[in-house]
Amino acid sequence: MRRAVVERTEQEHIGFGKVILFGEHFVVYGAEALVAGIQEYTSCRLELTRGRPGVSVVDKRPAVPGYIVEKAEEQRLAHGLVFRHLNIDTTVDGVRIHLGGSLVPSSGIGASASDVVSLSRALSEMYGLGLSEQEVNHSAFVGEGGYHGTPSGVDNTAATFGGLISYRRDHGKAAFSRVSFLKPLFLVVCSTGITASTTKVVGGVRKLKEEKPAWFTALLEHYNACVGEAKAAIETGNLVRLGELMNRNHALCQELTVSCDELDAIVNFCRENGALGAKMSGTGRGGLAVALAADAAQSDSIADAVRQRCPAAKFVWKYSVFPKESSL
Ligand code: MEV
């Protein structure tokens, strides 16, 4: 069992938020996903509570209403899995976790993954574990199991490394690489304000896949063709084509039954107001939609229009993703 080497952490430990551009749900079954880690992050600071066992959380993240309470039990499980994975005993001296940061937790933005990434990094400092980036990512993957039983690993990978990443789970192992691209991506991200349970939605898709295997295989084939083209469009800076492919991916999500009226309303509104393309992002049945804008000015105008005239969108953010040099 590990002993704390410091009473409190000094460094800022973070995990990025993410937006899935292609491949939610299909990635669970081995398909390639394209995911953008965004600049906003969750930060974690730790204090040892000498003589007081257990783990407590002071959660100051600026979440959408209801999110923190609805996710509290899953968060407790996730944190427990990380402590167990890192072999940290809190039965004598406990740990108080302070969460904060600029990321607004809402369903779909990778808040759970950014939580367990930032926690893994902070525990590495407090217990002198010297975790590598890969080990942080793996620890967060284990923690994600608390938030939902069968994570693909795409969220924790984006939360650990940031930037634009191609991710797939190949025979149970994570395989990922940076996607090189020339033009920045300007994204408008809209939340329905509905907190979805990833466990339930992923479980529902699994049931459908088992009931109708041929239908699922056909959808997966369509998706694989779509993401292959999408990667090429990103790499060559063909944003118009990229937008069309986002629309196609959204249609596949609708067939998979993971979209909902609110997401469809947002996606249609963004397209009618100039977006190059738009789709749901993440778990679905609530959560987020993401629209691609041609440039920063267009992302401003889409975001303004959504705020003024799209009641299905309860929260709106603008994110940009810039080419990132570092390798993984
Ligand atoms: C959730 O952000 C993405 C899903 O594909 C689940 C996963 O990949 O673990 C729905």
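Glu 7 is partly exposed, with a relative accessible area of 36%; here buried means under 20% relative accessible area, exposed over 50%, and partly exposed in between (1.4 Å probe, protein chains only). The structure is a predicted model, in which local features need pLDDT of at least 70, side-chain atom pairs count only at pLDDT 80 or more, and totals for chains, interfaces and linings use all residues. Residues are numbered from 1 along each chain as its sequence is written, and side-chain values use heavy atoms, leaving out hydrogens and water.

Side chains of opposite charge can pair when their charged atoms come close. A salt bridge is a side-chain nitrogen of Lys or Arg within 4 Å of a carboxyl oxygen of Asp or Glu, and the count comes to 16 salt bridges. One of them joins Glu 7 to Arg 50 (2.8 Å, N to O). Glu 7 lies in the segment before strand E1 (13-22) and Arg 50 in the loop between strand E2 (33-49) and strand E3 (55-59), so the pair ties together parts that are 43 residues apart in sequence. Helices (H or I, at least four residues) and strands (E, at least two) are DSSP runs, numbered from the N terminus.

The interior may be considered next. A nonpolar core is a set of buried Ala, Val, Leu, Ile, Met, Phe, Trp, Tyr and Cys residues joined through side-chain atoms within 4.5 Å. In the largest such core, which has 69 residues, Phe 22 and Leu 185 touch the most other members. Helix H6 (residues 213-236) gives the most to this core, with 9 residues.
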